[in-house]
Amino acid sequence: MNDCLFCKIAKGEIPANKLYEDDDLLAFWDISPQAPKHFLIIPKKHIKDPASVGADDAALIGTLIRKAGELAAENGIGNGFRLVFNNGAEAGQTVFHIHLHVLGGRPMAWPPG
Ligand code: 5GP
Ligand code: ZN
C-alpha cells in the first residue's frame, strides 16, 4: 500500500534498524521500545491486522511466529518474551500493517494494560 508506513519500511523507502530480513519477512527494532529488547516482525505483504489474515496467509503468519522465537533466542531473551499483536485502534493498534511485537529483557506483568 502506498501510504503505509510499514510497507515503506519493507521496501526500504524509510530506514529502520533491521535485525532480520528475507523474501517474506522483516524484523526491526521498535523506535519507541517498551522493554530492554523490543522488536517488530512484519510480513512484507500488506495485511491490515490479525483479523484480516486470510487462509492463504496461514503459512506466512505461522512462519512469522516461528521466526519470533528464533530471533528472541538469538537476541538473548529466549527464556522469556512477550508476543503481542494489537488488533484495532481500541486495542492500541496505531500502524495498520500487521506486526508482531516481541518484548523481553524485563519481567512481564499480567494482565497486560
Ligand atoms: P501498534 O501500536 O500499532 O501495535 O505498534 C506500532 C509500533 O510501531 C509502536 O510500538 C511504535 O513505536 C512503532 N513504530 C511506529 N513508527 C515507527 C517507525 O517509523 N520505525 C520503527 N522502527 N518503529 C515504529
Ligand atoms: Zn503495509
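1. A polar contact here is a pair of N or O atoms within 3.5 Å; within protein, one must be able to donate a hydrogen and the other to accept it, and residues adjacent in sequence count only if both atoms are side-chain atoms. For ligand 1, a backbone N or O atom of I31 lies 3.3 Å from one of the ligand's nitrogen atoms. A polar side-chain atom of H99 is 2.8 Å from a ligand oxygen atom, and H101 likewise places a polar side-chain atom 2.8 Å from an oxygen atom of ligand 1.

2. A word on the basis: this is a predicted model, where local features need pLDDT of at least 70 and side-chain atom pairs count only at pLDDT 80 or more, while totals for chains, interfaces and linings use all residues. Residues are numbered from 1 along each chain as its sequence is written, chains are lettered from A and ligands numbered from 1 in the order in which they are written, and side-chain values use heavy atoms, with hydrogens and water left out.

3. Now the surroundings of the ligand. Around ligand 1 there are 16 residues (a heavy atom within 4 Å), and D30, N86, G92, T94 and H101 come nearest. The shell divides into eight nonpolar, seven polar (Gly among them, by the rule used) and one charged residue. Helix α1 gives the largest share, three residues.

4. Lastly, the aromatic rings (Phe, Tyr or Trp, centres within 6.5 Å): the count comes to two pairs. F6 and F28 form one that is edge-to-face (planes over 60 degrees apart), at 5.3 Å centre to centre and 80° between the planes.

How values were computed
Helices (H or I, at least four residues) and strands (E, at least two) are DSSP runs, numbered from the N terminus. Rings of Phe, Tyr and Trp (its six-membered ring) pair if their centres lie within 6.5 Å; planes under 30 degrees apart count as stacked, over 60 as edge-to-face and the rest as tilted.
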